[in-house]
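Keep the 3D view open while you read.

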Amino acid sequence: TITVSFFIFMMSASSRSTANHQVHLAIYDLSMGMARSLSAQFLGPQHAVEIIPHTAIVAFGKEYFFGQGIEWCSPQEFRAARGIHPIEVQQLGHTTCTEQEFESWCCEQAANGRFGMQSYDLIHRNCNNFSEAAAREGLRLQQGVPRWILELPQKFLSSPMGMVVRPMLEQMQITNNAPTNMPTGSRAAGSARMTQPTLAHSTPSLPVASAAANPWADIPATTSTPAAQPSSPTKQTPTSLILDNQTALLSTDAGVVKICIDRLKPEQEQCALLAKLADTKATWTPGEINSLHQYLRSVIENIAQHVSCALMLLRLVVLKQPMSEYDVSTNKERSQSIQLVANLLFEEKLTSLPNRSMAWCVLSNAMGSTEPPEWNVSVGIDSYKLSQVIDRALSDCDCTNDGSSSPSNVSLRQSAVAFLYNSSRYLTSKNGEAIDDEENGNDDLSESMMSILLGCLEHLHEETDVTTMQRLYMATGQLLKSRKFGEMAVNLVKDLGLVDEEISKGKNEKVERLAKEVSALLE
């Protein structure tokens with residue numbers, strides 16, 4: 001009896017020493033259900049997202065997550081403070097790791113900088129990457145974060161929507177003073193205990209609950225398309241992608257208006273006018289449009305941290321026309337805004353690629369609108385002719401530049417080529433003949449036309465992004481099909497031998513079709 005009792009006791013002690021602790025993965029949708037409502041036409045079907053995910057490890061009765069440092073609290077407190085609840089809780093398995101061992105691992109990760117106070121990176125080291133490492137390394141589990149969640153940041157930020165949002169997220173990473181559980185004196189050494197954090201509550205003005213330590217929490221529920229996208233394909237494909245296409249590439253979605261207003265915090269009068277941009281059916285007076293131009297130019301010139309928001313809104317303002325067909329004052333204000341944006345590009349005042357992309361969206365919308373800008377207006381800054389702006393666009397859509405494969409560089413090229421397409425479309429229209437005559441003085445191909453034609457064909461040999469290639473072909477096709485200038489354009493391309501249909505092989509069905517149409521125009 002004694003032997004049996006002792007055996008049972010030893011078995012019980014052994015069981016306690018190797019006790020298995022359940023581990024769960026809490027998955028949140030920081031868009032609070034709004035991401036599902038985003039149309040694929042804004043993101044492109046290949047970039048559509050269902051949720052904006054934030055994940056956390058739930059173990060030992062606590063919820064562990066990563067923002068500016070590794071933090072923890074009770075699951076109930078985390079959810080109550082941020083006003084969000086998991087959309088799914090997955091069981092990852094059981095760990096033999098103790099609470100003390102896991103938190104020691106967390107301290108080590110904070111101390112060595114892998115998941116430290118300043119190490120948050122939206123793509124490579126975010127909350128979901130921490131959950132993955134914590135599950136597989138810290139808790140020694142076989143299962144971690146679902147692969148689709150880990151791949152989503154790269155997928156999302158390579159989309160037009162991601163390009164709009166990224167400047168704001170990058171600013172948040174610098175200015176966010178989120179609380180952390182790691183005591184100040186221990187972060188370098190990694191030897192202190194984790195202590196209870198003071199949780200920050202969500203910001204009421206934002207459309208999503210704000211997890212203070214996580215920039216993902218501030219991604220808006222609806223947002224805009226900065227780089228103008230080709231029309232969504234229909235069931236009946238047009239006979240010719242070039243000949244039948246008469247539409248400009250415009251960035252018109254107004255979903256980002258509210259969050260921009262929240263960032264800018266304008267006076268009441270300007271706030272009401274800016275909010276009106278979200279109403280696509282609103283009518284405008286010259287005074288209202290002029291006021292917005294003046295306000296946004298002031299923001300761009302004086303408040304560096306709000307340039308991205310101002311450009312997002314300005315791309316919508318340049319499309320607005322008063323109820324009367326033409327107003328001299330509105331045209332003047334609009335031209336001043338366009339020249340200011342051109343100046344930002346020429347003077348290298350936009351240091352981030354997303355902001356440069358947005359600047360090209362402003363110019364692209366201006367060229368694709370019903371009243372394209374006047375390019376030789378003196379507005380107290382350098383004035384640029386259209387041909388100069390076209391040359392700059394060709395420079396920004398050069399895929400041989402360093403880092404050309406990054407999402408930001410791809411978006412920059414897409415936006416710059418959208419401007420080139422809208423410019424070629426305008427230059428070959430009746431309204432564009434005045435610019436041609438002014439630049440060239442006769443009916444020959446203008447400097448602007450030749451730059452677009454030769455530059456686009458040259459870039460096609462190196463370009464790898466499908467959307468950019470499509471737009472390069474479309475810009476070229478606009479010139480080749482022109483009744484007035486087409487024959488001269490065709491002869492120039494033939495003389496130089498610039499078209500090689502082989503460069504489109506294996507790229508994309510639509511790209512190959514566009515290449516064939518361009519070749520047909522040259523026959």
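What follows covers the ground rules, a helix crossing and the salt bridges.

## Ground rules

This is a predicted model, so to speak of local features pLDDT has to be at least 70, side-chain atom pairs count only at pLDDT 80 or more, and totals for chains, interfaces and linings use all residues. Residues are numbered from 1 along each chain as its sequence is written, and side-chain values use heavy atoms, with hydrogens and water left out.

## Where H13 meets H14

Take helix H13 (residues 353-368) and helix H14 (residues 386-396): they pack at an angle of about 140°, and their axes are 12 Å apart. Helices here are DSSP runs (H or I, at least four residues), numbered from the N terminus. The axes are lines fitted to C-alpha atoms over the stretch in contact, with angles running from 0 to 180 degrees between N-to-C directions.

On the H13 side, the contact (heavy atoms within 4.5 Å) uses Arg356, Trp360, Leu363 and Met367, while H14 brings Leu386, Val389, Arg392, Ala393 and Asp396.

The structure has 14 salt bridges, each a side-chain nitrogen of Lys or Arg within 4 Å of a carboxyl oxygen of Asp or Glu. One of them pairs Glu333 with Arg297, with 2.7 Å between the closest N and O atoms. Glu333 sits in helix H12 (residues 328-346) and Arg297 in helix H10 (residues 286-302), so this pair ties together parts 36 residues apart in sequence. Glu333 is buried, at 13% relative accessible area, and Arg297 is buried too, at 11%. Buried means under 20%, exposed over 50% and partly exposed in between (1.4 Å probe, protein chains only).

Arg413 and Glu463 also form a salt bridge, 2.8 Å from N to O. Arg413 is in helix H15 (residues 407-427) and Glu463 in the loop between helix H17 (447-460) and helix H18 (466-480), so the pair links parts 50 residues apart in sequence. Arg413 is buried at 2%, and Glu463 is buried at 1%.

Glu517 bridges to Arg513, with the closest N and O atoms 3.7 Å apart. Both lie in helix H20 (residues 509-521), four residues apart, about one turn of the helix. Glu517 is buried at 13%, whereas Arg513 is partly exposed at 27%.

Definitions and conventions. Helix = DSSP H or I, 4+ residues; strand = E, 2+ residues; numbered from the N terminus.
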